[in-house]
Amino acid sequence: MTRIPHDTPGVPDPLRALGLERLRRRTSMKWRTYPEDVLPLWVAEMDVPLAEPVVRAVTDALALGDTGYPAGTAYAEALAAFAARRWDWHGVAPERTAIVPDVMLGVVEMIRLVTGPGDPVIVNPPVYPPFFQFVTHMDRRVVDAPLGAGLRLDPGLLEETFQRATADGGRAAYLLCSPHNPTGTVHTAAELATVAGLAERYGVRVVADEIHAPLVTPGVPFVPYLSVPGAERGLSLMSASKGWNLAGLKAALALAGPAAAADLARLPEEVSHGPSHVGVIAHTAALREAGDWLDALLAGLRANRRLLADLLAGHLPDVRVHPAEATFLAWLDCRALGLGDDPAGAFLERGRVALSSGLPFGTGGAGHARLNLATSPDILTEAVRRMAAALA
Ligand SMILES: Cc1ncc(COP(=O)(O)O)c(C=O)c1O
């Protein structure tokens with residue numbers, strides 16, 4: 001196994017560690033979906049080397065042949081300590097958690113626990129496209145409650161939608177994306193308390209996808225959904241996958257509020273067979289030991305956000321970038337460019353740069369594109385140059 005040099009403690013910006021030549025040797029989706037002449041800034045993988053504690057933990061496991069089945073609650077305990085340190089939240093109770101293969105399969109299983117076939121699942125477009133695909137595939141009905149002013153949750157519309165969804169006395173779930181992908185919005189404590197209040201009033205079960213929680217801009221408070229008063233019947237999915245680029249090392253955690261413990265206890269045993277033991281080891285090491293690496297990453301992402309704003313102002317002043325407080329994603333409003341509903345298609349064809357099309361994000365996605373900022377300033381600069389060239 002090739003060891004990539006690391007520098008903890010005092011970690012330098014991981015976003016500047018890898019050049020294009022090295023990245024092109026990767027075989028993951030980001031790097032293998034498009035031809036070599038396309039610069040990929042689409043799917044949510046990061047162009048970073050792994051944090052040293054993660055490499056060490058995985059390397060040690062491989063050296064030991066520790067590649068059997070996962071056991072115990074180390075992942076949940078690591079998350080509990082991380083949540084206490086980072087968010088001052090002391091509510092992760094390992095006995096009310098379960099390991100799941102990844103966040104999206106966890107979402108599916110949580111929805112399955114609290115709804116039945118044909119039941120409505122409310123989502124807030126524009127939102128992460130698999131929310132539509134996975135929910136539809138599992139025989140539930142997606143109901144839209146689009147984001148409102150400033151691309152924030154719209155409490156009036158949520159109430160109306162909750163009321164309609166439960167009018168027949170049936171069950172309904174609300175799939176909350178917190179922080180929100182693609183906008184990078186961090187929901188406030190007040191917004192989440194409103195959600196919890198409405199969910200209780202109408203008997204809607206909240207499933208919060210909190211995969212981007214570690215990726216909140218320093219100084220901005222992240223409020224875990226289950227920490228909010230009234231959210232006791234909620235369920236949440238958390239993972240080190242986005243924060244430390246571990247999607248290929250499959251593991252995630254499902255968390256139940258105190259009043260949802262009995263629901264989580266009904267999780268079929270086979271679901272917790274899905275996560276990889278080595279994945280659990282990697283995620284645990286990230287949460288436990290790679291906080292300084294995360295800090296270095298967040299500083300680099302903040303610098304990249306500023307760089308993107310400057311580059312767009314200089315080269316593409318008609319593109320509006322939504323101000324984000326979390327994630328490594330930038331939601332670009334390209335409607336003034338005259339490129340139609342799918343500007344990402346034009347950037348790909350004419351500029352050889354791959355962004356995510358806004359269309360699969362649902363209502364509000366037309367004319368938009370999502371750009372992945374988790375790359376080097378050099379690659380980001382070249383990407384915007386190519387986008388501008390596509391318009392020439
Ligand atoms: C909001 C959100 N949920 C889930 C996922 C996928 O997570 P996983 O690979 O753990 O299923 C992503 C990936 O980008 C995401 O942005």
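This is a predicted model: local features need pLDDT of at least 70, side-chain atom pairs count only at pLDDT 80 or more; totals for chains, interfaces and linings use all residues.
Reader: OK, so is His277 buried or exposed?
Author: His277 has a relative accessible area of 13%, so it counts as buried.

Reader: And where does His277 sit?
Author: It's in helix H10, which covers residues 277–289.

Reader: Which side chain does the His277 side chain make a polar contact with?
Author: That of Asp66, at 3.0 Å. If you skip neighbours within four places in sequence, His277 is in contact with Asp66, Thr67, Gly68, Tyr69 and Pro70.

Reader: Switching topic: how many aromatic pairs are there?
Author: A search of the whole structure turns up seven. One of them is Phe82 with Trp244, an edge-to-face pair with 5.7 Å centre to centre and 70 degrees between the planes.

Reader: Where in the chain are those two?
Author: Phe82 is in helix H4 (residues 74–87), while Trp244 is in the loop between strand E7 (235–238) and strand E8 (252–256). They're 162 residues apart, so the pair links distant parts of the chain.

Reader: Why does Phe82 count as buried?
Author: Because its relative accessibility is 1%. Trp244 is buried too, at 1%.

Reader: Which residues are in the aromatic cluster with Phe82?
Author: Trp87, Phe222 and Trp244 form one cluster with Phe82.

Reader: What about Tyr128 and Phe131?
Author: They form an edge-to-face pair, 5.9 Å centre to centre with 85 degrees between the planes. Tyr128 is partly exposed at 28%, whereas Phe131 is buried at 0%.

Definitions and conventions:
Residues are numbered from 1 along each chain as its sequence is written. Side-chain values use heavy atoms; hydrogens and water are left out. Rings of Phe, Tyr and Trp (its six-membered ring) pair if their centres lie within 6.5 Å; planes under 30 degrees apart count as stacked, over 60 as edge-to-face and the rest as tilted. Helices (H or I, at least four residues) and strands (E, at least two) are DSSP runs, numbered from the N terminus. Buried means under 20% relative accessible area, exposed over 50%, partly exposed in between (1.4 Å probe, protein chains only). A polar contact is a pair of N or O atoms within 3.5 Å; within protein, one must be able to donate a hydrogen and the other to accept it, and residues adjacent in sequence count only if both atoms are side-chain atoms. Contact means heavy atoms within 4.5 Å.
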